[in-house]
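Dear colleague,

Please find below the structure that I am passing on to you.

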Amino acid sequence: MMLNLLKTSILALFAVAAGAAAFAQEVSREDAASFEAWRTGFEFGLIERGVDPSIAGAMMDGLTIDPRILDRDSNQPEFVRPIWVYLNGAASDVRVANGRRAAAAHAGALSAVGERFDVDRDILTAIWGLESAYGEIMGDFDVIRSLATLAWDGRRRSFAQSQLFAVAEMIENGYAARDDLRGSWAGAMGQTQFIPTTYMARAVDIDGDGRRDIWASEADALGSAANLLTVAGWDANAPVVAEVVLPDGFNYAAWTPRRRRAVSAWALEGVQLADGEWEADDLYRPARLLIPAGASGPAFAAFSNFDALMEYNNSTAYALGVAYLAKRIGGDVDLPEGWPEGDVPLTRTQARELQTALTELGFDTQGIDGRIGPNSRAALRAFQRENGMTPDGYAGRRAYDAVLAAGAREGER
Ligand SMILES: [Ca+2]
């Protein structure tokens with residue numbers, strides 16, 4: 001079960017399970033009956049949409065709830081993994097060595113992909129490493145049963161139903177047989193962990209056997225990843241991400257992680273490469289500045305290729321992980337250092353406390369859910385600005401202590 005934590009679903013990415021693995025719960029008779037009603041209705045809905053009844057039947061007949069899926073979907077881990085811990089794991093020496101070995105063993109597949117797509121092979125290898133440990137860990141859940149359980153459960157109904165519609169298309173087109181559809185608990189499949197809608201939109205047949213086999217064909221899997229990045233605007237001549245040094249007095253108030261400017265504009269403000277000088281070509285490229293662990297941690301210039309990686313998986317940590325794993329597979333590159341190891345991210349409980357205190361102090365976090373997203377970071381930045389702190393929006397222990405102290409002072413008035 002722990003192996004699944006390596007999987008990079010959006011939910012699992014920053015998260016480590018707090019305690020021992022939960023035991024699958026029993027499915028009550030009421031739930032079984034409710035699922036059966038949903039299943040019958042959904043099968044009918046597939047046929048109404050034009051899915052061949054024999055395919056709808058092959059997908060849905062006899063399906064039952066998978067209680068393991070309910071456990072996973074309801075387990076919101078309490079502890080949030082610091083981005084530096086994630087990054088050091090994502091681009092660890094072992095993963096680098098395994099990546100070089102896998103790339104050498106499948107050099108032919110990578111070359112075949114390279115004939116069709118202009119995407120850096122170290123990047124493809126790194127994605128392969130983070131998604132499935134180079135094809136070793138693809139998940140062995142019955143994807144249809146997993147998605148049906150998620151759809152019935154309701155919390156992720158529209159996601160799961162659209163995935164099931166895509167599964168029906170996959171089977172109808174002969175891309176995969178019913179029983180081949182194995183993957184992660186959340187429906188990600190094969191060596192590059194595509195969800196079914198992504199598979200339908202982006203999977204390709206590289207080895208020429210007429211099937212888009214992201215499970216058994218390395219060429220198809222890596223080619224499908226290359227196709228996804230190409231459609232997302234991959235530019236093989238451009239960098240992905242570079243560590244930068246911010247000038248003293250950097251204007252945090254005018255910065256947001258989404259603000260995109262030409263590198264030349266950042267350079268004029270004093271933003272320098274951590275190592276070396278900006279390339280002339282790069283000065284014209286737009287980049288965002290990432291400061292993922294606050295002003296006391298490292299900063300990065302993220303180019304449009306970084307955003308293409310985030311189309312693969314919408315997570316800054318993931319994209320940094322792919323980028324640094326690729327750099328390290330390609331050569332001797334050190335991982336970023338200088339992380340604020342004493343200023344760790346908040347637990348879910350602390351995050352809820354922070355959101356509550358900020359909102360009570362007049363900095364609305366747009367909800368109290370224990371997840372630090374853009375709204376919480378914006379509220380924290382406003383608090384930091386008003387209290388003479390660096391407005392970096394990093395929700396670590398230091399920010400938490402400051403906000404809760406301000407809340408307590410406010411309460412005493
Ligand atoms: Ca194929």
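In this predicted model, the secondary structure of the protein consists of 17 helices and nine strands. The radius of gyration is 23 Å, close to the 22 Å that the globule rule gives for 413 residues, so the protein is as compact as a globular protein of that length. Along the principal axes, the C-alpha atoms fill a box of roughly 65 × 55 × 35 Å. Of the 413 residues, 44% are buried. Among contacts between residues at least 6 apart in sequence, 71% join residues at least 24 apart.

Next, the interior. In soluble globular proteins, nonpolar side chains tend to be buried together. The largest nonpolar core here has 117 residues, and those that touch the most other members are Leu124, Leu222, Val241, Ala301, Val322, Ala323 and Leu325. Helix 14 (residues 316-330) gives the most to this core, with 10 residues. If neighbours within four places in sequence are left aside, Leu124 is in contact with Leu110, Val113, Val119, Leu222, Ala225 and Ala226.

Which residues of helix 17 are buried? They are Ala399, Tyr400 and Val403. These three cover an arc of only 100 degrees around the axis, which puts them on the same side of helix 17. An α-helix has 3.6 residues a turn, so residues three or four places apart point the same way. The buried residues of helix 17 pack against helix 15 (348-360) and helix 16 (374-386). On the other side of helix 17, the exposed residues are Asp401, Ala405, Ala408, Arg409 and Glu412.

Most residues other than glycine have a negative phi. Ala133, however, has a positive phi, near 50 degrees. Ala133 is found in the loop between helix 7 (121-132) and strand 3 (141-142). Gln193, also not a glycine, has a positive phi of about 50 degrees, and Gln193 lies in the loop between strand 4 (182-183) and helix 10 (196-202). Are these residues buried or exposed? Ala133 has 19 other C-beta atoms within 10 Å, so Ala133 is partly exposed. Gln193 has 28 other C-beta atoms within 10 Å and is therefore buried.

With kind regards

Notes
Residues are numbered from 1 along each chain as its sequence is written. This is a predicted model: local features need pLDDT of at least 70, side-chain atom pairs count only at pLDDT 80 or more; totals for chains, interfaces and linings use all residues. A residue is buried if 20 or more other C-beta atoms lie within 10 Å of its own, exposed if 12 or fewer, and partly exposed in between; C-beta atoms are placed from the backbone. Helices (H or I, at least four residues) and strands (E, at least two) are DSSP runs, numbered from the N terminus. The arc is that of the directions from the helix axis to the C-beta atoms. Two residues are in contact if their C-beta atoms, placed from the backbone, lie within 7 Å. A nonpolar core is a set of buried Ala, Val, Leu, Ile, Met, Phe, Trp, Tyr and Cys residues joined through C-beta atoms within 7 Å. The radius of gyration is taken over C-alpha atoms; the globule rule is 2.2 Å times the number of residues to the power 0.38.
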